[in-house]
Amino acid sequence: MKAVQLMEHGTPGKFELRDLPDPKPAPDEVVVQVQACGLNHLDLWLEAGELPIPVPLPRTPGGEIAGKIIELGWAVSDWKVGDEVAIQSNLFCGQCEFCKRGDESLCLRGELLGVNRDGGFAEKVVVPSRVLVRLPAGVGFEASAALTLAGSTAMHMLTNRTQVTPGDWVLVMGAASGVGSAAIQIAKGLGAQVITTASSEAKRALALLRLGADHVVDSNNAAWPADVRKLTGKRGVDLVVEHIGGDVLPKVFECLARGGTVVTCGATAGREVTLNLWPFFVKQQKLVGSYGRNRADIQATLEWVAAGKLKPVIDSVYPLEKTAEAFAQLRSRKFLGKVLVEIPA
Ligand SMILES: [Zn+2]
C-alpha cells in the first residue's frame with residue numbers, strides 16, 4: 001500500500017510517499033481503507049519534532065480518519081467488511097478504571113493514532129476494533145474526517161468538561177480553526193450567545209455568516225479583550241473555549257465574568273503561561289483542562305452532523321501524494337476550516 005511517511009523532523013519536515021506492506025490485523029483489530037483524513041495542529045507538532053514524547057521515525061501521521069472496513073481480525077465479531085467508520089484517534093485500552101467508566105480520554109494506557117502508531121495518510125490503517133465509531137446514515141467520509149477529531153474535541157469541552165446553559169455568554173477562540181469552527185456551532189446549538197475571534201475579513205465573514213456566531217472581534221487589535229467586555233456590557237463571558245495558550249491564555253481571563261470558566265485543549269502559541277492569581281481566586285474563576293474525547297463525544301458529534309446541526313468547514317482537500325502541501329497549508333495559518341487528505345479507493 002501507499003503511505004506518506006515523515007522521514008525527518010523539521011519545518012517543513014521531510015515526507016516520502018512510500019510503498020509499504022499491507023497492514024495485517026491482530027485478533028482484535030481491523031484494517032480500514034482510508035477514504036479521508038483531516039490534518040490537525042498535532043500533525044505540525046509531530047512534523048517539527050515538538051511533541052513532549054519521543055516518536056520513532058519513519059512514522060505515518062494522520063489521526064482524523066474516515067473509511068471502510070476491509071479486513072477483520074479473527075476475534076472481531078461486531079463489525080463486518082464494508083462498514084463505514086470514523087476512528088477515535090485517542091486509542092484507549094478499554095480496561096483501566098477510566099475506560100470502564102466511559103472516560104476513554106483519561107485512559108492510563110492511551111496512545112495517539114498517527115503519533116504512537118501509524119495513522120491515516122495512507123491507503124490502509126490498522127486499529128483495534130474498540131476505537132471504531134459507525135458513521136450514521138447521511139454522514140459522508142469528508143464530513144467525518146473534518147469533524148471526528150477537532151469537532152469531538154469541541155464537543156468534549158462544551159458538554160463533558162464544562163456545561164453551557166441557554167443564554168450563557170461563550171467566547172470561542174479562533175473561529176477559523178478546526179476546534180473553533182465546531183465550538184461556535186455547538187455553543188450556538190446549546191443556546192449560548194457566542195463571541196469569537198478572527199484575524200482576517202474572510203475569517204470574520206466565516207464566523208458570522210456560516211458558523212452563526214453572534215459577534216466577532218478582531219484578534220489583530222491588541223485590545224480585543226476590551227471589545228469582548230464591551231459586548232457583554234462589561235460583565236464578561238461565562239465560558240471561554242481556548243486552545244491557543246501562550247500569551248493568549250492570560251488575556252482570555254480579562255474577558256471572563258465572575259464565576260466564569262476557561263476550558264483549554266491546546267497550546268499552539270506556547271505551553272508555559274503566567275497567570276495573575278489574585279483576580280483568578282477573587283473572582284472565583286475556573287481553568288479546566290480538556291484532552292481528546294470520549295466515545296460518547298464522537299457519537300454525539302456525528303449525530304449532530306447527521307441532524308444538520310454541525311456542518312464541516314473545509315478549507316482544502318489534497319490527494320495523498322500532496323500530503324506535504326496539506327501540511328504547508330495548515331502551517332500557513334491562512335486556512336478557513338479543515339485541511340483534508342482524500343484517498344479515493
Ligand atoms: Zn484505559
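**View 1. The meeting of domain 1 and domain 2.** In this view, 27 residues of domain 1 are in contact with 23 residues of domain 2, where contact means heavy atoms within 4.5 Å. The model is predicted, so local features need pLDDT of at least 70 and side-chain atom pairs count only at pLDDT 80 or more, while totals for chains, interfaces and linings use all residues. Residues are numbered from 1 along each chain as its sequence is written, and side-chain values use heavy atoms, with hydrogens and water left out. Domain 1 covers 2–149 + 293–342 and domain 2 covers 152–289, bounds that come from an automatic or database domain assignment.

**View 2. The area buried between the domains.** About 1,800 Å² is buried between domain 1 and domain 2, with 57% of it on carbon and sulfur atoms; buried area is the accessible area (1.4 Å probe) that two parts lose on being put together, summed over both. In domain 1, the residues that lose the most area to domain 2 are Trp304, Val313 and Leu336, which together make up 29% of what that side buries.

View 3. Asp19 and Lys2 form a salt bridge, and their closest N and O atoms are 2.9 Å apart; the term stands for a side-chain nitrogen of Lys or Arg within 4 Å of a carboxyl oxygen of Asp or Glu. Because Asp19 lies in strand β2 (residues 14–19) and Lys2 in strand β1 (residues 2–8), the pair ties together parts that are 17 residues apart in sequence. Strands (E, at least two residues) and helices (H or I, at least four) are DSSP runs, numbered from the N terminus. Asp19 counts as exposed at 60% relative accessibility, whereas Lys2, at 34%, counts as partly exposed; here buried means under 20% relative accessible area, exposed over 50%, and partly exposed in between (1.4 Å probe, protein chains only).

**View 4. A salt bridge between two helices.** The side chains of Glu47 and Arg331 meet in a salt bridge at 2.6 Å, N to O. Glu47 lies in helix α1 and Arg331 in helix α11 (residues 323–332), so this pair ties together parts that are 284 residues apart in sequence. Glu47 is buried, with a relative accessible area of 2%, while Arg331 is partly exposed at 27% relative accessibility.

**View 5. The salt bridge of Arg101 and Asp103.** The closest N and O atoms of the salt bridge between Arg101 and Asp103 are 2.7 Å apart. Arg101 is exposed, with a relative accessible area of 51%, but Asp103 counts as buried at 17% relative accessibility.
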